[in-house]
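Give the cut-offs along the way.

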Amino acid sequence: PPRPLGRRMLAAAALAALCIARADEIRGGGGVAGAAESSTDIPTDGPCKAALASLCATVVPGDGRLARCLRQADRAAKARKEALPVPQACRGQVMEFFVKLFHSGINTSSSSLVRAEPVEGFRAACMEDILTMCRSRPDVLVMGCLKAKKSQLSSDCKEKVFAVQINQAQNYSLDAPLFIACKADITGLKGCQTSVPGGRLACLKGHRTSVSDACKQELFRREQQDSEDIRLNQDVLSTCKAEIQTSCKDLEFGEARMLKCLWDASARRTALTASFSQRCREKVYNLTMHSVSDYRLDFRVRTRCDKDIDELCGKEKEAVDRLSIADLFGNDGQQGFFSEGQSGQVLRCLKSNYLKVKKMMCREAVMQVISIQAAHAAADPVLMRACNWDLSTHCQGSKPGEIHACLRKKMNELSLECREEELLQGALEATDITLKPRLFYTCKHAMGTFCNDISPGGAKMYQCLQDNRLKTDFPLECKKAIVKDLEASNNDWRLKFGISENCKPEMERMCKHPMQQGGGKALKCLKKHYLNVTVEGCKQALTRYVRQGTENIKL
């Protein structure tokens, strides 16, 4: 490959590109009339003539400046909740200009790179990054290359690329590879012929399992890019605008922060979140559930766990990365239970190796996945596939948020594959009450009243709540939630953190066969040999378990 140009040379090249672009405009006819006939901007004597005279009279034609001026005028009016000043016919011409511009791509062999700037300052900000990182890409794929390498871009270029992404989020036609791959599909999809910003892309995503393989592949690429910032998902952004202002107003956009905030807020039941609209809840639920179906769709996991994935889950990553999107997802979720696809394997691997994860930021990202899957079992495609028969047999009428409890109560009757997945999830939940989100939010007041000297995270908080649940002023709803959780966890020793953490040596010594069998037999064996337990931590955990049984016959 050619040697990268130095910064001074690149700056000179950018300046030369601007001069060449301006010279091309002048050669087109010398002035406004010539520029009108040039491909570097919209015509000045067509449907946009009046709008240009009133809104962009001082703007020099060429390099897309008139088109960008009219686009900005409409956006500014919309932000002020005023009537759009650009007539419909002119708006169509502006959009046609940008579609052709985006589809022409970025010519890395040309000194001007693009015939007109998609956003102001793009050429100067991104020339160095384009020539050093994306020079060998075909014209139409250079923008995709910049988006894929966004973390490596200069801050100025990153800002311009994000501005391009916002435009593409509002109109999927500006994403040339996606538009080409999905053009035939969207034509035949009912409800997808909409002019609402981001509407067509949202419609495509809603039909992701039924579109062509080529469209599925491009949608998957786009969803990975959009996972970074909720502003790139216009459908969710516009639906949840009020909720963002009330529940997440102090949070910065980017790094998938806003979606996490909305998910966490929608799980709480407070006066602040009572105003959450049902449409926003549904949008946040669907987007979050999809984001944890594959490690590449979860921005935090993908960017924070890359090294841990390579070290701990390289085999799983290699396997899923080779799959087509049709093979990766199949028709998962279409019939309520997951029976197809192979998604979720890398996330499952990270969960099973959670204690070996080195980067704290990766651990936090994996904890969020565990928490989401704790609240909704359907967010775990590996578990849903493994438990397909068990769910239809034992939990047919269970509500979405009660599937884990149902499976744990039937632990001894589950298939081996299902039991293994449910035990993995349950054992991880037992290590930290924040990984039991429904219980955590239900008992938040009780934690502040009865356990305020204990850190919210970890298993000690849950043990404190268990020990205080019989006090007369203990919140009733929290007490019910704790008893319900204890009933489910009593069906296998691995679901009880204190015992699983401290009693393995004692079970190896006294209850080896029941321990290997799993289920509740090992717990019964430990109770039988209570007086012979010598490990102090195990003795305390077992004492708590025995006392709970005497206080409530169900336990």
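Cys451 counts as buried because its relative accessibility is 1%; buried means under 20% relative accessible area, exposed over 50%, and partly exposed in between (1.4 Å probe, protein chains only). This is a predicted model, in which local features need pLDDT of at least 70 and side-chain atom pairs count only at pLDDT 80 or more, while totals for chains, interfaces and linings use all residues. Residues are numbered from 1 along each chain as its sequence is written, and side-chain values use heavy atoms, with hydrogens and water left out.

Cys451 sits in the loop between helix H27 (444-450) and helix H28 (459-468). Helices are DSSP runs of H or I with at least four residues, strands are runs of E with at least two, and both are numbered from the N terminus. With neighbours within four places in sequence set aside, Cys451 has contacts to Ala446, Met461, Cys464, Leu465 and Asn468, contact meaning heavy atoms within 4.5 Å. For Leu465, 14 residues away along the chain, the C-alpha separation from Cys451 is 7.2 Å.

The next topic is salt bridges. A salt bridge is a side-chain nitrogen of Lys or Arg within 4 Å of a carboxyl oxygen of Asp or Glu, and by this rule there are 36 salt bridges. One of them joins Lys100 to Glu96 at 3.2 Å, N to O. Both residues belong to helix H5 (residues 88-104) and are 4 residues apart, about one turn of the helix. Glu96 counts as partly exposed, at 43% relative accessibility.

Lys358 and Glu311 form another salt bridge, at 3.1 Å from N to O. Lys358 is in the loop between helix H20 (345-352) and helix H21 (360-375) and Glu311 is in helix H17 (residues 306-312), so this pair ties together parts 47 residues apart in sequence. Lys358 is exposed, with a relative accessible area of 62%.

Between Glu422 and Arg408 the N to O distance is 2.7 Å. This pair links distant parts of the chain, 14 residues apart: Glu422 in helix H25 (residues 416-429) and Arg408 in helix H24 (residues 403-409). Both residues are buried.

H25 also packs against H20, at an angle of about 55° and with the axes 10 Å apart. Axes are lines fitted to C-alpha atoms, for helices over the stretch in contact, and angles run from 0 to 180 degrees between N-to-C directions. The two helices, H20 and H25, are therefore oblique to each other; angles under 35 degrees count as roughly parallel, over 145 as roughly antiparallel, 65 to 115 as roughly perpendicular and the rest as oblique. Arg348, Lys351 and Ser352 in H20 meet Glu420, Glu421, Leu424, Gln425 and Leu428 in H25.
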